[in-house]
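Here is my note on the model you sent. Keep the structure open while you read, and find each residue as it comes up.

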Amino acid sequence: MIAVDTLIYDVIRSIVALYLTLLTPLWHLIIYYGLNPENSYGVILRPGHKYYSMYSFILNTAYSIILPASIVLFSIIAFRAFLMNFRFTHALMNLLIPFLSLAFSFKILIYMALASEYVFDYLWNYGNINWYSIFSITQILNFSTNDGSSSIVLVFLYLTSYFLAMSSLLAELIFRETAELLLIAVIPIFSSIAFIRRTQEYLVRIFYSFIELNLLPIPIIIDLHLAFIFSADPILQLGFFMLAPVIPSLIFLEIRSGYFRMKPLNIPSSAVL
């Protein structure tokens, strides 16, 4: 039994040593690739020539192929609506949505990103904090005052919590950047078919998702400000680190279930094919 206990503690010590090696580089990745304004918003606002070329190709395809086919389909639906004595203004308004969206959606999304970048930049620079230094291995090592088994287990649990929090945060921030670039790219496709209620709902969801992803770093950086303020309390600081990848979802879930719902324009459902 003693040999088994010794083996378990040796494994725990090995994992602890691995955590101590990985956590600082992992935190640096979070700051540099996930939160640094040059990457968190710069990659969205300045994605490069190849991305713009791809977007132009998708936009031209939407104008030349998808939009004409959608107009034909919508004309059939609108004609049915007219024959069934529905107000033709509904059909006219739905006809305008794809054209307005194709013309202005890209600029709207970019202006949203610029506004979010301004707010985030202010919070990022507030207090002249060295964000790379917020996470400190030294404070974690202070938990282990000896080589006793209880101390090792405590450090293991503490580091595991940090590792899970940081891994989740890094994955969330990288996913955010890639998802925003993808949503911007597919906007022309969904805009060109947004003649009826169902496709308009898809378009609205894309805007919803982009807004949420665009604002995501702001509550995270506020949370990390609190982690810095309470850096003298390692347990409380860990709590803020664990909250960082979760708090945006909690906020946006509350907003989605509240009163801020966008309603897509639609023609009567009975007139839809």
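Which residues do ring pairs link into a cluster? The points below start from the whole chain and then come to that question. Bear in mind that this is a predicted model.

1. **The whole chain.** The chain has 11 helices and zero strands. Read along the sequence, the pattern is therefore α-α-α-α-α-α-α-α-α-α-α. There are 273 residues, and 41% of them count as buried. Take the contacts in the chain with a separation of 6 or more: residues 24 or more positions apart account for 85% of them.

2. **The ring cluster.** Now the opening question. Ring pairs join Trp 27, Phe 135, Tyr 158, Tyr 162 and Phe 241 into a cluster. The structure as a whole holds 16 aromatic pairs. A pair of aromatic rings is described by the distance of the centres and the angle of the planes. The next two points do this for two pairs.

3. **Phe 135 with Tyr 162.** The ring centres of Phe 135 and Tyr 162 are 5.1 Å apart, and the planes stand at 65 degrees, so this pair is edge-to-face. Planes over 60 degrees apart count that way. Phe 135 lies in the loop between helix H5 (88-125) and helix H6 (137-141), while Tyr 162 is in helix H7 (residues 149-192), so the pair ties together parts 27 residues apart in sequence. Phe 135 and Tyr 162 are buried.

4. **Tyr 162 with Phe 241.** Tyr 162 has a ring pair with Phe 241 too: the centres are 5.2 Å apart and the planes are at 65 degrees, so the pair is edge-to-face. This pair links distant parts of the chain, with Tyr 162 in helix H7 and Phe 241 in helix H10, 79 residues apart. Tyr 162 and Phe 241 are both buried.

5. **H9 against H10.** Two packed helices are described by the angle between their axes and the distance between the axes. Helix H9 (residues 217-229) packs with helix H10 (residues 234-243) at an angle of about 170 degrees, and their axes are 8 Å apart. That angle makes H9 roughly antiparallel to H10. From H9, Asp 223, Leu 226 and Ala 227 meet Gln 237, Phe 240, Phe 241 and Leu 243 of H10. By class, this contact has five nonpolar residues, one polar and one charged.

6. **His 225.** His 225 is found in helix H9. Is His 225 buried or exposed? At 10% relative accessibility, His 225 counts as buried. Leaving out residues up to four places away in sequence, His 225 touches Leu 123, Tyr 126, Ile 129 and Trp 131.

7. **Tyr 41.** Find Tyr 41 in the loop between helix H2 (37-40) and helix H3 (42-45). Its relative accessibility is 0%, so Tyr 41 counts as buried. The charged end of Arg 176 sits over the ring of Tyr 41, 4.7 Å from the ring centre. Beyond four places away in sequence, the residues that Tyr 41 touches include Glu 117, Phe 120, Asn 214 and Pro 217. Tyr 41 and Leu 114 are 73 residues apart in sequence, but 8.1 Å apart in space, C-alpha to C-alpha.

8. **Asn 128.** Most residues other than glycine have a negative phi. Asn 128 has a positive phi, near 50 degrees. Asn 128 is in the loop between H5 and H6. With a relative accessible area of 74%, Asn 128 is exposed.

Notes
Residues numbered from 1 in each chain as written. Predicted model: local features only at pLDDT ≥ 70, side-chain atom pairs only at ≥ 80, totals over all residues. Heavy atoms only, no water. Axes fitted to C-alpha atoms, helices over the stretch in contact; angles between N-to-C directions. Helix = DSSP H or I, 4+ residues; strand = E, 2+ residues; numbered from the N terminus. Parallel < 35°, antiparallel > 145°, perpendicular 65-115°, else oblique. Contact = heavy atoms within 4.5 Å. Nonpolar A, V, L, I, M, F, W, Y, C, P; charged D, E, K, R; others polar. Phe/Tyr/Trp six-rings, centres within 6.5 Å; stacked < 30°, edge-to-face > 60°. Buried < 20%, exposed > 50% of the residue type's maximum accessible area, 1.4 Å probe, protein only. Lys NZ or Arg CZ within 6 Å of the ring centre and 35° of its normal.
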